[in-house]
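Here's a quick tour for anyone meeting this structure for the first time.

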Amino acid sequence: MKTNSFITLAAMMIPAFYGYAENLIVIETDNIALVYDVADDNRMYQRYLGKKLQDTKEYSLIPNGPEAHLTHGMEDYFEPALHINHPDGNPSTLLKYKGHESSTLDDGAIQTVITLADPVYNDEVKLFYTVYPEHDIIKTHTTITNGEKRPIELEKYASSMLHFSNGDYYLTQFNGDWASEANAIETKLEYGKKQLDTKLGTRANLFCSPFFQLALDAPASETSGDILVGTLAWTGNYRFTFEVDHRGELRIISGINPYASQRTLAKGETFTTPEFIFTLSNEGRGKASRNFHDWARDHQLYKGNETRMTLLNNWEATYFDFNEEKLKNLMGEAKELGVDLFLLDDGWFGNKHPRHNDTQGLGDWEPTADKLPNGIKALTEAAKANGIKFGIWIEPEMVNPRSELFEKHPDWAISFPNREPYYHRHQLVLDLTNPEVQDYVFGVVDRLMTENPDIAFMKWDCNTPTTNIYSHYEKMNQTHLYVDYVRGLYNVLQRVQDKYPDLMMMMCSGGGGRSDYEGLKYFTEFWPSDDTDPIERLYIQWGFSQIFPSKTLCSHVTTWNRATPVKFRTNVAMMGKLGFDIKFDDMTPEEVAYCRRAVANYNALKPIILEGDLYRLVSPYEGEHTATMYVGKNDGDAVVFTFDLNPRYKQFIWKSDANVRLQGLNPSYRYRVTEIDRTDGSDLPLGEYSGDYLMTVGLPLFTLTRLNSRVITLNVIQ
Ligand code: DGJ
């Protein structure tokens, strides 16, 4: 018999008295609780994970579940969180409780640190729980310290282990490929192990994003159901293991993928794992997303509470085929559109091996003289003259073998000394474990910024997964390469941030190949996909919106899928951080005029779209239509985006079925409802309604016109 809640191993029989109350470690947010118990054997057990109880004392009525942080080699039969090989050949670890303490951190979070140690080998493991009470977010990571006289080897070193005992488990993963990222796919977990992982290194998330949703007992909807949403903050190989045992109990182990990454720890050395971040919602996926969005803006995302710049990017407008004059023309178009920034993409550098295509030049970060005879300076000046800011694309972690950099430093590339290299997009990954290479990569940004202090934005690309897995750096332990690469990257990004704190940066990896919350400590936004077909984007943005706020999702209007009206393409892009990757030649004068108005509308709506609460109203996975809305904080104004994909007449026979019921409004407020952002430039008043009516009855916002889109504003009537 299973419990019908997300209580972990909850009581089937509640004892009248349970003797461990004094040993409970209670980690709570405003609405959720994670409770551990130290038993008489001094081992620590997970007692509860679920909705917070009003009376803390009642956690002592719940019997203990499994040992919290299970280790290899002892009595457990399933996947462990930790596996240490000791110098004497013994592969087992037993963790006993030593103590715990809580403190308040500078950002207001409450951190509980539980110290465990192996009484035989003296290795110490600390479990960190950092709690953001009002966001219902808990971050967990561990440190492992070698307390032995000789080096130890970490075989497995998870950041977190959580246990559940529910009737059923429904896992939603977000996988895909280049140009098809973050498809939401739900499966029921049965006995055995399901792993979501990557060993792609640099472009880690090419096939699967590092987050998941786990609905407990029954599939969750946007508005109901118990659901855990988790993500690993790590810009590299990750692994989530979901293992259902013979009793139907589930463990989730999250951390760096230990694949080919055994870690040697010297005497006294400590290894710190990345943060696993999770929330629990008993109001479905929507609430879990809003928990993540609010927390990210307040605590994780770089410049999380600042607005974002609209832009015109030249990549799809020109690809590699541009010169100073073409770029200046595009800047004029950017000005006319009213966007904040012009972003120069790939193809501006290299002289001995000019970057006329993707086969050469990466690594040689001097402007190509025959394309840009007056350098970047002429471009930043042109941007200034147009009253816009200037941004530039770099891919500083990579090198083309056909480059001066590679000719000088072949050993800086990750590659085998004795095998033909495998190239992905004709390039290799630079070895960021080597401090000299870190200096070089930092220098790419530093030189650009020193020579062109007006650069306001960078798009940091990364198109190649890590293959040819071998470091030439003499101090390198080869099994440390995947992990130390990521640490090297963070060193560089930290230096960039420290020296250029005003610089805003887009994380890009040939589309959404990097999409994680540790990266977003350094980047203000990311590029979810090279696929800008607006229909595909509705799905891709739906996927990423599950944990990332709209201000991080760069969404550009392009010529992909020209069959869709420019308005449709623009409305899709307006749901994230709006940009354009198109030239006026690709549009009619009416379409250009529409885009100009759309930018002005978007600017007015930015506080709602970028800072407000997201409600996904109708899923594109349901087929015919989709709708999403944003509500300004503190019962503010709202905006609804609707899209008609494959409308079917039958839907409109029963009127109530055609209505879109809104969410997140104040039921007792009245709202003026208007359709804005129309191609004819006019605003269409749709009436005045109470929030109650709009959320209970809804409005017939969908239409029977294929590829129609609408932007509906709701203004609070004072
Ligand atoms: C891949 C990115 O995703 C694109 O947006 C573009 O910047 C190209 N790289 C340039 O090579």
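Let's begin with what counts as a hole: on a 1 Å grid over the protein atoms alone, a cavity is a set of points where a 1.4 Å probe fits but cannot get out, while a pocket is an open set with protein on both sides within 12 Å along at least five of seven lines. Residues line either one if they have an atom within 4 Å of a point. Grid points are joined across faces, edges and corners, and a volume is the space filled by probe spheres set on the points.

Keep in mind that this is a predicted model, where local features need pLDDT of at least 70 and side-chain atom pairs count only at pLDDT 80 or more, though totals for chains, interfaces and linings use all residues. Residues are numbered from 1 along each chain as its sequence is written, and side-chain values use heavy atoms, with hydrogens and water left out.

**Cavities**

- Searching the whole structure turns up eight cavities of 30 Å³ or more.
- The largest cavity comes in at about 140 Å³. It has 16 lining residues, and Gln-541, Trp-542, Ser-545, Thr-628 and Tyr-630 sit nearest its centre.
- Helix H8 (534-544), E31 and strand E32 (625-631) are the elements that give two or more residues to that lining. Helices (H or I, at least four residues) and strands (E, at least two) are DSSP runs, numbered from the N terminus.
- Sorted by class, the lining of the largest cavity has nine nonpolar, six polar and one charged residues. Here Ala, Val, Leu, Ile, Met, Phe, Trp, Tyr, Cys and Pro count as nonpolar, Asp, Glu, Lys and Arg as charged, and the others, Gly among them, as polar.
- The second largest cavity holds about 90 Å³ of space. Its lining is made up of 13 residues, with Ala-158, Arg-239, Ile-253, Ile-256 and Pro-258 closest to the centre.
- Strand E9 (152-157), strand E16 (238-244) and strand E17 (250-256) each give two or more residues to the lining of the second largest cavity, and E17 gives the most, with four.
- That lining splits into seven nonpolar, three polar and three charged residues.

- The largest pocket has a volume of about 350 Å³. Among its 19 lining residues, Glu-222, Arg-285, Trp-542, Ser-619 and Glu-622 are the closest to its centre.
- At least two residues of that lining come from strand E12 (180-188), and at least two from strand E31 (613-618).
- About 290 Å³ of space lies in the second largest pocket. Pro-66, Leu-70, Asp-76, Arg-247 and Arg-251 lie nearest its centre, out of 17 lining residues.
- The lining of the second largest pocket has six nonpolar, two polar and nine charged residues.

**Strand E6 and its neighbours**

- Seven of the eight residues of strand E6 (residues 110-117) are buried, so the rest of the structure largely encloses it. Buried means under 20% relative accessible area (1.4 Å probe, protein chains only).
- E6 pairs with strand E5 (residues 96-104) in the antiparallel sense over eight bridges; two strands pair if DSSP finds at least two bridges between them.
- E5 and E6 make a hairpin with five residues between them, and Gly-108 in the turn has a positive phi of about 90°.
- Strand E7 (residues 124-132) also runs antiparallel to E6, joined by eight bridges. Their hairpin has six residues between the strands, and Asn-122 takes a positive phi near 75°.
- What stands opposite Gln-111 of E6? In E5 there's Ser-103, and in E7 the bridge partner is Thr-130.

**The open sheet**

- Eight strands form an open sheet in the order E28-E27-E26-E23-E22-E21-E30-E29, with parallel pairing.
- Strand E28 (525-526) and strand E29 (554-557) are at the edges with a single partner strand each, so one side of each has no neighbour in the sheet.
- Inside that order, strand E23 (residues 389-394) and strand E26 (residues 455-460) pair in parallel over five bridges, and Gly-391 has Phe-457 as its bridge partner in E26.

**Around the ligand**

- The ligand has 13 residues around it, with Asp-345, Asp-346, Lys-459, Asp-461 and Asp-530 coming nearest; to be near, a residue needs a heavy atom within 4 Å.
- An N or O atom in the side chain of Asp-346 is 2.6 Å from an oxygen atom of the ligand.
- Trp-393 has a polar side-chain atom 3.1 Å from a ligand oxygen, while for Gly-511 a backbone N or O atom lies 3.1 Å from an oxygen atom of the ligand.

Definitions and conventions. Buried means under 20% relative accessible area, exposed over 50%, partly exposed in between (1.4 Å probe, protein chains only). A polar contact is a pair of N or O atoms within 3.5 Å; within protein, one must be able to donate a hydrogen and the other to accept it, and residues adjacent in sequence count only if both atoms are side-chain atoms.
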